[in-house]
Amino acid sequence: NLTLIKDNFQEKERSKIQESFSEMINDFPDLKWQIKQLSKENSNTKIFQIKVNGKKIINKETYLLESNFKYAYSTINNKINDGKIKDLLTTIRNDQNKLNIIFRIPDKVLTGKRYDIDIILNEPLDDVIIAGGIISHQNKSYLKQKINIEPLVSGGIFKTTRAQSKPTTQIWSGVIAHPRGIVSFTKSVEIVEE
């Protein structure tokens, strides 16, 4: 409902939301949204917990989208302003949720600290060969980058990295290809000062 967006968002926020919303609706036209207010009405920063689910059929394959994130914002003249997405985890998969995958990527890390990124297939591989890859990028650039996929010698993707030296949001995107299907993911990590 673009009228709802127009009526409730400041101009700067409105254009960002409408652009992102239009892209999502184009890719997954039957999205279902659940929005829950987490913050108290009188707090300076307000937070929504948002869950989005959808599906799309391409070449007789069903792809399921699931996204969970928090949307923190302030208000000016009762309109949403300065919104930030936090704790984002989005998956798109065509395995009908048959692969039991655990995502161990922190939501928040201190500047300059080392942290682990583990995407674990939670079942024995036996003779199965899987492939995958992961990349890091800044916010807004993830749609313009390619992920190189290579055979994985263990049951997932395991990486240790260092947080940037200044506060920001770092985005990780990756994919795991398995004989049962493909799982792609995007996860945000908020880099904060102490």
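What is the relative accessibility of K86, and as what does K86 count?

Analyst: K86 has a relative accessibility of 26% and therefore counts as partly exposed. The scale behind this calls a residue buried under 20% relative accessible area, exposed over 50%, and partly exposed in between, with a 1.4 Å probe and protein chains only.

The basis of the account is as follows. The model is predicted, so local features are taken at pLDDT of at least 70 and side-chain atom pairs at pLDDT 80 or more, whereas totals for chains, interfaces and linings use all residues. Residues are numbered from 1 along each chain as its sequence is written, and side-chain values rest on heavy atoms, with hydrogens and water left out.

K86 forms a salt bridge with E190, in which the closest N and O atoms lie 2.9 Å apart. A salt bridge here is a side-chain nitrogen of Lys or Arg within 4 Å of a carboxyl oxygen of Asp or Glu. Strands (E, at least two residues) and helices (H or I, at least four) are DSSP runs numbered from the N terminus.

By the stated rule, the count of salt bridges comes to 6. Another of them joins the side chains of D82 and K84, at 3.2 Å from N to O. K84 has a relative accessibility of 43% and is partly exposed; D82, at 36%, is also partly exposed.

D82 deserves attention for its backbone as well. This residue is placed in strand β4, and its phi is positive, about 55°, although D82 is not a glycine. Most residues other than glycine have a negative phi. Q96 likewise has a positive phi of about 55° without being a glycine. Q96 is found in the loop between β4 and β5 (101-104) and is partly exposed, with 42% relative accessibility.

Strands β3 and β4 run antiparallel and are joined by 11 bridges; two strands are said to pair if DSSP finds at least two bridges between them. Across this pair, S74 stands opposite N81 in β4. The hairpin of β3 and β4 has 2 residues between the strands, and N77 there takes a positive phi near 50°.

On the other pairing of β3, strand β2 (residues 46-58) pairs with β3 (residues 61-76) in the antiparallel sense over 13 bridges. V52 stands opposite S67 in β3. The hairpin of β2 and β3 also has 2 residues between the strands, with N59 at a positive phi near 50°.

The side chains of R180 and E123 meet at 3.0 Å, N to O. The pair again spans distant parts of the chain: R180 sits in the loop between β11 (168-178) and β12, E123 in the loop between β7 (114-121) and β8 (130-138), and the two are 57 residues apart. R180 is partly exposed, with a relative accessible area of 40%, and E123 is partly exposed at 24%.
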